[in-house]
Amino acid sequence: MFIRIITFLLLYSSAVFCGDCNFNLPYCGLSCNLDLSYRNLSNIKKLLNNDDKFVALTFDDGPSNNRVNDIINVLESYEAKATFFVLGERINKKTYEIVKKIHEAGHELGNHSWSHRKLTSLSSEEQLQELEKTNTAIKNAIKQDIKWFRPPYGCHDDNLIENTNKLNMYSILWTVDSLDWQGDKPEALVERVLSNVHNGAVILFHDHNNRSNTIEALPHIIKILKKSGYKFVTLSEWEERVCNTVKARSVTIKEGEKVRFEGMLCGQKTKSLTAEHLY
Ligand SMILES: [Zn+2]
């Protein structure tokens with residue numbers, strides 16, 4: 001028991017104590033060259049208007065053997081789609097079918113590394129192995145290339161981003177953290193997510209161990225957000241919607257005019273963007 005507690009603390013507390021994690025390191029991805037760093041993801045809310053409301057639910061650390069079916073059932077009953085960032089080492093004979101099921105239900109699968117180690121502490125070669133082995137394990141099940149990567153604990157540096165891009169993947173963090181791994185009651189998760197949600201939010205949950213608080217909170221969160229007009233999309237659909245907005249906004253902005261969403265595009269972190277930056 002003691003060892004399990006220590007392992008748990010080591011595994012999940014690093015998100016809090018990971019001193020060298022620079023969440024705001026700018027890194028590019030997507031067809032509209034969006035900066036996917038944490039701060040810029042949060043700026044998504046400045047970009048989107050509220051005519052078309054959507055969020056991306058994401059579940060890290062699976063595939064879990066016991067609770068993923070509950071998550072899939074909840075999502076199905078609300079016609080919600082989500083993205084599951086799985087660990088390569090958790091894909092085995094038992095969970096292989098679960099990975100297939102996630103895919104067949106219309107959800108997206110992303111790479112969350114092989115072993116959930118802090119990848120910035122590994123050599124470049126080891127990083128690539130973590131990424132490639134996991135891609136292979138997921139692809140064996142779903143016969144499709146993997147587009148999204150989420151670094152364990154959000155820890156990334158230039159080298160890891162470069163390696164992610166080498167494999168034609170985009171690294172993406174989140175904008176709303178449910179902190180469900182802390183074991184809070186479902187009501188606390190509902191409150192935390194709803195008080196932080198915004199249009200275009202990428203919401204982080206976990207799919208590992210029991211996670212009964214997540215399963216209980218999820219229908220409430222989805223039901224309330226759905227009532228407010230939100231759709232629940234995979235990250236690829238999220239990308240499409242965000243990029244379409246960037247492109248649509250760029251058309252309506254006159255030459256030289258300052259736009260309101262500073263720092264959204266790569267390489268334009270501190271300056272206000274002008275129309276020419278967007279074309
Ligand atoms: Zn994780």
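Tutor: The largest nonpolar core has 69 residues, and V55 and I203 have the most contacts inside it. Helix α9 (residues 212-227) gives the most to this core, with 6 residues. This is a predicted model: local features need pLDDT of at least 70, side-chain atom pairs count only at pLDDT 80 or more, and totals for chains, interfaces and linings use all residues. Residues are numbered from 1 along each chain as its sequence is written.

Student: What is a nonpolar core?

Tutor: In soluble globular proteins, nonpolar side chains tend to be buried together. A nonpolar core is a set of buried Ala, Val, Leu, Ile, Met, Phe, Trp, Tyr and Cys residues joined through C-beta atoms within 7 Å. Buried means that 20 or more other C-beta atoms lie within 10 Å of a residue's own, with C-beta atoms placed from the backbone. Of the 279 residues here, 43% count as buried.

Student: Which residues does V55 touch, leaving out those up to four places away in sequence?

Tutor: V55 touches V197, A201, I203, L225, Y230 and F232. Contact means C-beta atoms, placed from the backbone, within 7 Å.

Student: How are two packed helices described?

Tutor: By the angle between their axes and the distance between the axes. Helices are DSSP runs (H or I, at least four residues), numbered from the N terminus. Axes are lines fitted to C-alpha atoms over the stretch in contact, and angles run from 0 to 180 degrees between N-to-C directions. Here α5 (residues 93-104) and α6 (residues 124-142) pack at about 70°, with axes 8 Å apart. They are therefore roughly perpendicular (65 to 115 degrees).

Student: Which residues meet there?

Tutor: Y96, V99, K100 and H103 in α5 meet I138, A141 and I142 in α6.

How values were computed. Buried ≥ 20, exposed ≤ 12 C-beta atoms within 10 Å, placed from the backbone. Helix = DSSP H or I, 4+ residues; strand = E, 2+ residues; numbered from the N terminus. Contact = placed C-beta atoms within 7 Å. Parallel < 35°, antiparallel > 145°, perpendicular 65-115°, else oblique.
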